[in-house]
Amino acid sequence: MMGALRHATAWSAGLAVLAVSPALAEDQFRILDGKQIKARVVGQDITDGPHWSMYFRPDGALIGEESGSSWTGSWTIRNDRLCMTMPSSTAADCNEVWMSGKQIRMRASKDQEAFNAIVMAHRANR
């Protein structure tokens, strides 16, 4: 998933990291299991707000958008991790998913950098 995260962060050099105190955020974020990931992410958009979004369609398709351009990949949940395949890769990148309210944090492993965004209701034609 780190490749997918790098791809997503490459969309916008100015990716807005959520403005949350690191100590406070660590206390509020909880790791999700597979059922929780499905309930909280599937059918939703993961986004930075104004620049990019990824829509996790219920059929396993992943639709990404950035500044009017779009791409299609796929997603699945494996071993309590959210796995995504991007157009530039044939291998799925899998991440732990942590959430605090609508804030989401994904990372491949504890020694990897976390990817921060928000989860919101899907909006077609943003």
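A salt bridge is a side-chain nitrogen of Lys or Arg within 4 Å of a carboxyl oxygen of Asp or Glu. The model is predicted, and local features need pLDDT of at least 70, side-chain atom pairs count only at pLDDT 80 or more, while totals for chains, interfaces and linings use all residues. Residues are numbered from 1 along each chain as its sequence is written, and side-chain values use heavy atoms, with hydrogens and water left out.

**Exercise 1.** Work out which residues are linked with E96 in a network of salt bridges.

*Solution.* Begin with R107, whose side chain meets that of E96 in a salt bridge of 3.1 Å, N to O. This pair links distant parts of the chain, since E96 lies in strand β7 and R107 in strand β8, 11 residues apart; strands are DSSP runs of E with at least two residues, and helices are runs of H or I with at least four, numbered from the N terminus.

Next, take the salt bridge between E96 and R81, at 3.9 Å from N to O. Here too distant parts of the chain are linked, with R81 in strand β6 and E96 in strand β7, 15 residues apart. Putting the steps together, R81, E96 and R107 form a network of salt bridges.

**Exercise 2.** Find the partner of R57 in a salt bridge, and state how far apart the closest N and O atoms are.

*Solution.* The partner is D59, and the closest N and O atoms are 2.5 Å apart. As for accessibility, R57 is partly exposed at 31%, whereas D59 is exposed at 55%.

**Exercise 3.** Determine how many residues the largest nonpolar core has.

*Solution.* A nonpolar core is a set of buried Ala, Val, Leu, Ile, Met, Phe, Trp, Tyr and Cys residues joined through side-chain atoms within 4.5 Å. The largest one has 21 residues, and those with the most contacts inside it include I46, F56 and L62. Among the elements that give two or more residues to this core are α3 (34-41) and β7 (93-100).

How values were computed. Buried means under 20% relative accessible area, exposed over 50%, partly exposed in between (1.4 Å probe, protein chains only).
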